[in-house]
Amino acid sequence: MTATDAFSAGQNTQDIPSRPAAAEMPALSIDGVSHSYGARHALIDIGFTVAPASFTALLGLNGAGKSTLFSLITRLFGIQRGHIGIFGHDVAHAPGEALRLLGVVFQPRTLDLDLSVTQNLLYHAALHGIARRDARVRSREVLARIGLDDRAGSKVRDLSGGQMRRLEIARALLHRPRLLLLDEATVGLDVKARADILNHVRQLVTEQGISVLWATHLFDEIGSNDDLVILHQGRVLAQGKVAQVIADAGGSDINTAFMRLTGSTAQGGSPSS
Ligand SMILES: Nc1ncnc2c1ncn2[C@@H]1O[C@H](COP(=O)(O)OP(=O)(O)OP(=O)(O)O)[C@@H](O)[C@H]1O
């Protein structure tokens, strides 16, 4: 039985550590997480939280450990060390509750190009056990939310790269998650498509109250009001509001702050990056 179950069942909770109220519960909490591939340490004792209804950028160069972290959060890999919680549900011990609240857009594309936009969504809904009629309602809802409602009948093959990405985001929203993870969601897109995707995702935060963890290596995708986590060579070097991270690092902007923290050259936001 989880702490939540015990609380709701009204049992003696003396031995159960007190939990923050639901409104204060982090959407995502990463606590003391380490992961190694054999002798290679990909993540080293990392910790941070994503606040509810926030946009948190996870900034790191190639090889920083972002994809490894996503694989742990989604349970693709078992957790070797540390704890990961989604709205208070431990991913290792209460995976059903935790993953129900989670939507994910992975780096590689996984759409069926020969099916229509709606068929892709209905197929995914069926995998989630969503009844056909409900799935149709939800498909229309998520396509409208992500600005693709006019392409519902199009073959995915005929969409642009940016539209395909938006469809993947729509698909990740079908089961109405409260936390959305996106791993380098704008890779390979042009400047306008990148901006469109970012705008849509930011709207999910401000209008729907969805919490977002946005993994990127592109500095220009980070907004001045975002929460920021800097991951470098498997370690969290800084976290907090962007302005605070810049001030703490003694930089004048995010590029100089990153360079000061890591000694690495900053990455621009060129479409080919
Ligand atoms: N399956 C694997 N086996 C061995 N080492 C791996 C494996 N996957 C990742 N690594 C190593 O772990 C480290 C972190 O890689 P990871 O892919 O998590 O970083 P990343 O920040 O997502 O980078 P990228 O944006 O390039 O995918 C790197 O040193 C990488 O070489």
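A: With 14 other C-beta atoms within 10 Å, aspartate 45 is partly exposed, because a residue needs 20 or more to count as buried and 12 or fewer to count as exposed. The model is predicted. Aspartate 45 belongs to strand β2, residues 40-50. Its phi is positive, about 50°, although the residue is not a glycine.

Arginine 75 also has a positive phi without being a glycine, here about 70°. Its place is the loop between α2 (66-73) and β4 (81-86). Arginine 75 has 15 other C-beta atoms within 10 Å, so it is partly exposed.

Another loop position to look at is alanine 152, between α5 (132-145) and α6. Alanine 152 has 15 C-beta neighbours inside 10 Å and therefore counts as partly exposed. Beyond its neighbours within four places in sequence, alanine 152 is in contact with Val117, Thr118 and Leu143. Leucine 167 lies 15 residues away from alanine 152 along the chain, and their C-alpha atoms are separated by 9.7 Å.

The largest nonpolar core has 67 residues, of which Ala170, Leu182, Val212, Trp214 and Ile230 touch the most other members. Helix α6, residues 161-173, gives the most to this core, with six residues.

Apart from neighbours within four places in sequence, its contacts are Leu59, Gly60, Val236, Leu237, Ala238, Val245, Phe258 and Leu261. Two of these, Val245 and Leu261, also take part in the contact between α8 and α9.

Helix α8 covers residues 242-249 and helix α9 residues 254-262; they pack at an angle of about 50°, with their axes 9 Å apart. The two helices are therefore oblique to each other, because angles under 35 degrees count as roughly parallel and those from 65 to 115 as roughly perpendicular. The crossing of α8 past α9 is left-handed. On the α8 side the contact is made by Val242, Val245, Ile246 and Ala249, and on the α9 side by Ile254, Ala257, Arg260 and Leu261. Sorted by class, this contact has seven nonpolar residues, one charged and no polar. Arg260 of α9 is the charged one.

Note on methods. Residues are numbered from 1 along each chain as its sequence is written. This is a predicted model: local features need pLDDT of at least 70, side-chain atom pairs count only at pLDDT 80 or more; totals for chains, interfaces and linings use all residues. Axes are lines fitted to C-alpha atoms, for helices over the stretch in contact, and angles run from 0 to 180 degrees between N-to-C directions. Helices (H or I, at least four residues) and strands (E, at least two) are DSSP runs, numbered from the N terminus. Angles under 35 degrees count as roughly parallel, over 145 as roughly antiparallel, 65 to 115 as roughly perpendicular and the rest as oblique. A crossing is left-handed if the near helix is turned anticlockwise from the far one by less than a right angle, and right-handed if clockwise. Two residues are in contact if their C-beta atoms, placed from the backbone, lie within 7 Å. A nonpolar core is a set of buried Ala, Val, Leu, Ile, Met, Phe, Trp, Tyr and Cys residues joined through C-beta atoms within 7 Å.
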